[in-house]
Amino acid sequence: MIDRDFDALVLDLDGTLLDDSSRVLPRTHAALKAAIARGVHVMVATGRSNISAQPILAALDLPSPAVVFNGAGLYCARTQRMLEERVLSKRTLERALAFGRQRDLAMVVMCADKKLATAPRDEVEAAALSGMTALQFVASPAELTAEFVIRVTYFSSAHGSSEAFAAEIERAVDQPVYMTHFPLNVLPMHRASALAVVDLHPPCAGKAEALRVLQETYGIPAHRVVAVGDATNDVPMFRAAGLAVAMGSGMDEALRAAQRVIGDNNSPAIAELVEELFLARREAV
């Protein structure tokens, strides 16, 4: 019988598992493979779309599916297939797009198989959209609509606080939704940006959906799960997990919600955590 306190590990990608060059450190990758070999269930829970996350997930080659779109989707990288997919209602999408058009905001509409945006109007918008995978530009904001939309992302230079920006959108849409928000400069490739970002999704439990999947699919209760992240969108899984671990370079909200803080995402901190919790042999008492 394996003697350990936890049976699963849920990892955020950007700012957590990935360093500032969007790579998984070799020691971390080796530690994860060793933990999986010992029966630990390792899952990714990311705000990225399935399209954006696919290359990283393919390289990791984890047996477990990944939570994508901040909990609105569940994706199998091995088969490149969405296993679960929540979509915005027609009324919610219409109101969400109307808000963006009225405020003249840059928006991206995301489905499992495509992302739509209008062409950037200046260098600031061009930089914000530059890191998005498989983005398709449409001729006008009126064409920013599709079936089976999972997320609408807004960018604003007029809001000093992403939280206030999100609250304004929530009031305007006035429908059941799940929202995440952050200053774009928390991402390594956008350190100089002054934009606030809001992601609007269908109702879900956020990244805490990973813990539901672990319970339903593998019978692992939440108190046997370690969750590691760095941002506000990681807080839902922090609140549900048995152990919540924040990266030392993370946002203040994540640091406050965590039970433990480790090194930054450019350090071997995650490898050390995995080695300690899942690979170290316990001394007999």
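This is a predicted model: local features need pLDDT of at least 70, side-chain atom pairs count only at pLDDT 80 or more; totals for chains, interfaces and linings use all residues.
## Helix 5 and its length

Helices here are DSSP runs of H or I with at least four residues, strands are DSSP runs of E with at least two, and both are numbered from the N terminus.

Residues are numbered from 1 along each chain as its sequence is written, and side-chain values use heavy atoms, leaving out hydrogens and water.

Which residues of helix 5 are buried? They are S162, F165, A166, E168, I169 and V173, where buried means under 20% relative accessible area, exposed over 50%, and partly exposed in between (1.4 Å probe, protein chains only). Seen down the helix axis, these buried residues fall within an arc of 160°, so they line one face of helix 5; the arc is taken from the directions from the axis to the C-beta atoms. On the face turned away from the buried side sit the exposed residues E163 and R171.

The cover over the buried residues includes helix 3 (90-102), strand 9 (151-156), strand 10 (178-183) and strand 11 (196-201), with contact meaning heavy atoms within 4.5 Å. Just after helix 5, D174 takes a positive phi of about 50°.

## The sheet

Strands of a sheet pair through backbone hydrogen bonds, either parallel or antiparallel. Here, 6 strands form an open sheet in the order 8-7-6-9-11-10, with mixed pairing; two strands pair if DSSP finds at least two bridges between them. Strand 8 (135-138) and strand 10 are the edge strands, each pairing on one side only.

Strand 10 and strand 11 run antiparallel and are joined by 6 bridges. Y178, for instance, has H201 in strand 11 as its bridge partner.

## A look at D7

D7 lies in the segment before strand 1 (8-11). Is D7 buried or exposed? Its relative accessibility is 19%, so D7 counts as buried.

Leaving aside residues up to four places away in sequence, D7 touches G39, V40, H41, I220, R224 and F278. D7 and V225 are 218 residues apart in sequence, yet their C-alpha atoms are 6.2 Å apart in space.
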